Amino acid sequence: MTAAQVVRSEWTKIRSVASTVWTLSLAVVVTIALGMLISALSRHDFDSMSPQDRLSFDPTFISFAGMSLGQLAMIVFGVLVVSNEYSSGMIRTSLAAVPQRGTFLFSKLAVATVLALVVGMATSFAAFFLGQAVLGPHRASIGDPGVLRAVIGGGLYMTLIAVFSMGVATMLRSPMLSLGILMPFFFLISSILGNVSATKKIGRFLPDQAGSKIMQVVPRPGDTSPYGPWGGLGIMVLWVLAALLGGYVLLKRRDA
């Protein structure tokens, strides 16, 4: 099969599996809805904030509050895209049809990444504009310094979370094992390492903590990170590349 035929085949696989469609839909709904809710609560509490809290008030980042749960759906999407074939046994048929494993893997990744990027960007822009509408007089404008970068960065962040999950799932092959590692990693381990003073210097280099900096416009009080928004996203990209490389090497070396 040619590369174009493999890409078309992977697109057919992804859109024909209901679970992948539902997870992406859930990522959109949860991210936007939670962002609007937190924006409404922030607007209500703004007058009672301390002067210091008002100075560090970041309306753009507040509208992305739903990313914390939206990324959960993107993780599930990334895992299912890869591991569905292993759990169903279809991986043997796929590799028989496309014996060039690099072509097979990167065609799958390319299709899923483009889909995640489209969904991530649409979600990020929608979350921003709806969140700012709810914030009312405290809103930010897309033309304000750093705001457009943060909104585009939100879409890139969601995409990279999905791609990182694809790389991990390629290495582990099992959907349960992949989710059993990724969920605690992002929702427990990363949070603990990032909030305990003894481990903060380690935690800020984890993919989600470094990558989320791209969505911040107003610096957080006491933030001593040695990188800026694009530097943080660059660290996240390195994590993604490492996961993809690991997945590729293991796919090449072991049996289906």
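Author: Helices α8 and α12 are roughly parallel to each other, a label given to angles under 35 degrees, while over 145 is roughly antiparallel, 65 to 115 roughly perpendicular and the rest oblique. This is a predicted model, in which local features need pLDDT of at least 70 and side-chain atom pairs pLDDT 80 or more, whereas totals for chains, interfaces and linings use all residues. Residues are numbered from 1 along each chain as its sequence is written, and side-chain values use heavy atoms, with hydrogens and water left out.

Reader: Where do the two helices sit in the chain, and at what angle do they cross?

Author: Helix α8 covers residues 147-172 and helix α12 residues 229-253, and their axes come within 8 Å and cross at roughly 20°. Helices here are DSSP runs of H or I with at least four residues, and strands are E runs of at least two.

Reader: What kinds of residues make up the contact of α8 with α12?

Author: That contact divides into 19 nonpolar residues, four polar and one charged.

Reader: Switching to rings, how many aromatic pairs are there?

Author: The count comes to nine aromatic pairs, where ring centres of Phe, Tyr and Trp (its six-membered ring) must lie within 6.5 Å, and planes under 30 degrees apart are stacked, over 60 edge-to-face and the rest tilted. For Phe106 and Tyr248 the centres are 5.6 Å apart and the planes stand at 40°, so that pair is tilted.

Reader: Is Phe164 buried or exposed?

Author: Phe164 counts as buried, at 8% relative accessibility, and Trp239 as partly exposed, at 32%; buried means under 20% relative accessible area, exposed over 50%, and partly exposed in between, with a 1.4 Å probe and protein chains only.

Methods:
Axes are lines fitted to C-alpha atoms, for helices over the stretch in contact, and angles run from 0 to 180 degrees between N-to-C directions. Ala, Val, Leu, Ile, Met, Phe, Trp, Tyr, Cys and Pro count as nonpolar, Asp, Glu, Lys and Arg as charged, and the others, Gly among them, as polar.
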